[in-house]
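Open the model in your viewer and keep the sequence panel beside it. Each stop below gives a selection and what to look for there.

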Amino acid sequence: MVQAESNPFFGKYKTPFETPPFDKIKTEHYEPAFKRGIAELKADIEKIANNSEPATFENTIVALDRSGELLNRVSGAFFNVLSANANDEMMEISQRISPDLTESSNNIYLNEKLFARVKAVYDQRQSLNLSVEDARLLDETYRAFQESGATLSAEDKEKYRALTTELSLLSLQFDQNALKDQNRFEMLLTDEKDIAGLPESIREAAAHLAKEKGKEGWLFTLDAPSYVPFMRYADSRALREKMYRAYMSTGNKGDEYDNKEIIRKLVNDRLALAQLMGYPNYAAFELSHKMAKNADNVYKLLNQLLDAYKPVAINEYNAVQGFAMGMEQQNMQVMPWDWSYYSEKLKDLRFKVNDEMTRPYFLLENVKKGVFGLATQLYGLTFKENKKIPVYDREVQAYEVYDAEGNFKAVLYTDFFPREGKQSGAWMNGIRSQYRDAKGKDVRPQIIIVMNFTRPTDTKPSLLTFDEVETLLHEFGHALHGICADGTYASLSGTSVYQDFVELPSQIMENWLTEKEYLDQIAVHYETGEKIPQELVQKLIDASNFNTGYACCRQVSFGLLDMAWHTITKPFEGDVVAFEKKAWAPAAVVPEVPEACMSTNFGHLFAGGYAAGYYGYKWAEVLDADAFFLFKEKGIFNKEVAKSFYDNILSKGGTEDPAVLYKRFRGQEPTIDALLIRNGIKK
């Protein structure tokens with residue numbers, strides 16, 4: 001049993017900027033802190049609900065937004081570590097605490113006395129003369145109660161409780177199954193002919209990984225820095241197929257980590273929840289509070305993109321197919337495990353550029369400075385490492401962020417390399433959101449960006465691919481959304497915006513990577529110190545739209561799959577794999593592999609909060625192309641445009657309607673044209 005006085009969560013953090021004392025937090029501290037945090041939140045809620053004074057905006061709506069301070073602190077630390085540095089004990093805690101957290105949330109939104117007070121304030125909204133931000137908080141609070149079952153009958157409230165509790169556990173189990181299944185796959189190669197085609201840097205990284213695990217040879221896993229280059233460069237078609245099948249069978253092996261039944265339960269519970277709330281399906285329920293508004297608008301965008309990009313994608317596939325047959329001097333069909341390999345070789349032939357040519361110019365430390373430097377050029381932000389800020393792993397770095405006037409803005413944590421217990425992919429998250437406390441003090445945010453980049457080896461530092469640099473810019477854009485937040489309420493701060501708007505600040509950052517003026521700043525040879533040659537810069541720019549049709553169709557296929565799962569109107573009892581194939585067939589370009597399945601490892605849909613929202617990447621891509629068009633027109637480092645983007649997009653968070661904010665920045669409604677022009681589809 002952990003003594004209360006020894007638990008770092010109990011009491012004020014004695015750390016720089018009140019950051020979590022990760023150096024003192026032990027795994028056994030989390031559960032008691034969660035329990036106390038839930039109890040304190042319950043007390044906060046009871047105080048608000050039982051207030052004898054008439055309900056007002058301050059004593060009800062604002063009080064709600066400021067409730068649960070301890071629980072927020074514990075959650076901010078725990079769930080970030082769970083994603084980036086988990087162990088079996090952490091996973092077990094998450095499974096035990098998940099029902100308690102769901103029950104705590106339900107006890108708020110299903111509290112009749114509390115909802116009566118919220119409704120009383122909401123009913124007076126026209127006469128309260130609230131600011132835009134205050135009115136937004138009131139609207140969002142009332143909507144949250146509505147969508148969380150507050151208006152249901154007593155019997156239906158109990159159904160709601162049961163469904164939400166089961167959904168939280170199912171999502172958690174899905175995520176942990178996928179992680180455990182992926183982590184157990186290793187491919188150790190000991191014959192040099194099996195690694196033919198792999199660049200020296202990839203071989204060295206694989207040998208380094210094998211050595212770390214006490215093995216001899218070259219070790220490959222399903223982590224992105226291992227899987228992606230193997231699929232792109234390995235000459236052995238049989239081994240590429242082995243890797244592909246391993247990746248696309250994650251969560252689909254019929255054993256203890258199989259996710260198919262969990263998917264059935266998840267989509268059926270979501271359907272039941274939506275119908276309980278009066279919607280025909282889960283997509284209708286979710287989209288009612290997004291920019292898209294409804295499924296028809298989502299399908300309209302996805303079909304517009306298919307009409308524009310599918311013919312291009314088919315031509316791209318045929319070109320790669322023809323190239324592969326010519327290269328192999330035989331009649332063959334390019335399969336999914338062939339696509340990256342032959343595409344890379346064709347790109348190299350056409351543009352004379354590949355990752356191994358550019359890696360030496362993308363030393364992680366230099367890239368990081370260049371990415372930080374872009375924020376300095378655009379927004380006047382500066383970054384200063386502080387090694388006294390505790391971190392949850394020795395590889396994590398912490399930075400203080402300041403604005404042009406020297407005002408403290410945020411703490412930014414960076415976590416770049418794969419490790420056991422770390423989820424795959426890349427993400428940004430908040431440990432603490434920005435808000436203003438009861439005394440008006442501006443409480444600044446604590447932001448984390450997490451990657452899975454190529455590790456340093458015994459002889460080489462971490463050298464990134466062009467795609468990895470793009471990923472860093474993307475997640476850093478999310479980080480800026482959090483760092484620059486300037487609101488009053490935590491629930492409206494930073495990335496707390498409509499899901500199909502949240503990718504705008506991240507995706508717009510990727511645009512600078514294909515601009516000569518910026519590339520010349522960040523790409524410096526790690527050994528010679530020479531800037532990247534201009535002819536290589538031009539090759540990167542020329543190659544930026546290579547296979548853009550295929551890339552778009554791939555993203556659209558994920559959007560179609562998501563919508564298919566969440567527009568069902570009757571419980572699903574069918575074959576998960578067959579359902580997937582049918583769902584994304586309109587966007588399919590490369591031949592299907594009958595037994596391969598992505599759904600069973602698709603965390604975005606079943607564990608990551610993107611259910612009925614994956615289309616948002618393409619929705620926001622239309623916005624980011626349109627927004628960057630203004631930078632191109634005025635200058636990619638134009639201070640006036642940057643200030644407008646900062647003032648209207650980055651700092652506002654969810655304080656206003658995103659459509660209003662975007663139009664204020666751009667001066668007009670967005671169209672798909674800028675995206676088509678950027679990708680060379682339209683002149």
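The tour starts with the ground rules, then goes from a sheet to helices, a loop and the cysteines.

**Ground rules**

This is a predicted model, in which local features need pLDDT of at least 70, side-chain atom pairs count only at pLDDT 80 or more, and totals for chains, interfaces and linings use all residues. Residues are numbered from 1 along each chain as its sequence is written, and side-chain values use heavy atoms, with hydrogens and water left out.

**Stop 1: the sheet**

Helices (H or I, at least four residues) and strands (E, at least two) are DSSP runs, numbered from the N terminus. Two strands pair if DSSP finds at least two bridges between them.

Select β3, β4, β5, β9 and β6. In that order they form an open sheet of five strands, with mixed pairing. Which strands stand at the edges? They are β3 (382–385) and β6 (427–432). Each has a single partner strand, so one side of each lacks a neighbour in the sheet. Direction ignored, neighbouring strands are turned by 30 degrees against each other on average. Axes here are lines fitted to C-alpha atoms, for helices over the stretch in contact, and angles run from 0 to 180 degrees between N-to-C directions.

Contact means heavy atoms within 4.5 Å.

**Stop 2: across the strands**

As background, strands of a sheet pair through backbone hydrogen bonds, either parallel or antiparallel.

Start with β6 and β9 (residues 446–450), which run antiparallel and are joined by five bridges. Pick N429; opposite stands I448 in β9.

Move to β3 and β4, also an antiparallel pair, with four bridges. Select E385 and find Y399, its bridge partner in β4.

Next, β4 and β5 run antiparallel and share six bridges. Y402 has F408 as its bridge partner in β5. Five residues lie between the strands of this hairpin. Click G406 there: its phi is positive, near 85 degrees.

Stay on β4 and colour by accessibility. Buried means under 20% relative accessible area, exposed over 50%, partly exposed in between (1.4 Å probe, protein chains only). Six of the six residues of β4 are buried. Show the side chains: Q397, Y399 and V401 point one way, and A398, E400 and Y402 point the other way.

**Stop 3: S343**

Go to helix α14 (residues 336–351) and select S343. Is S343 buried or exposed? It is buried, at 6% relative accessible area. A polar atom of the S343 side chain lies 2.7 Å from the backbone oxygen of W339. Leaving out residues up to four places away in sequence, S343 touches V320, F546 and N547.

**Stop 4: I202**

Select I202 in helix α8 (residues 200–212). I202 counts as buried, at 4% relative accessibility. Beyond its neighbours within four places in sequence, I202 is in contact with F220, P229 and R359. Now draw a distance to F230, 28 residues apart from I202 along the chain. The two C-alpha atoms are separated by 8.0 Å.

**Stop 5: D458**

Find D458 in the loop between β9 and α17. D458 is exposed, with a relative accessible area of 57%. Which residues does D458 touch, not counting those up to four places away in sequence? They are E204, H208 and K211. The side chains of D458 and H208 are joined by a polar contact of 3.5 Å. A polar contact is a pair of N or O atoms within 3.5 Å; within protein, one must be able to donate a hydrogen and the other to accept it, and residues adjacent in sequence count only if both atoms are side-chain atoms. D458 and A205 are 253 residues apart along the chain, and their C-alpha atoms are separated by 8.9 Å.

**Stop 6: α24**

Select helix α24 (residues 616–634). Its 19 residues reach 27 Å from first C-alpha to last, close to the 27 Å expected at 1.5 Å a residue. That expected span is 1.5 Å times one less than the number of residues. Of the 19 residues in α24, 15 are buried. G635 follows the helix, with a positive phi near 120 degrees.

**Stop 7: the cysteines**

A disulfide is a pair of cysteine sulfur atoms within 2.5 Å. How many disulfides does this rule give? The count is zero. The closest cysteine sulfur to that of C553 is in C552, 5.7 Å away and too far for a bond. C553 is buried, at 1% relative accessible area. C484 is buried too, at 0%.
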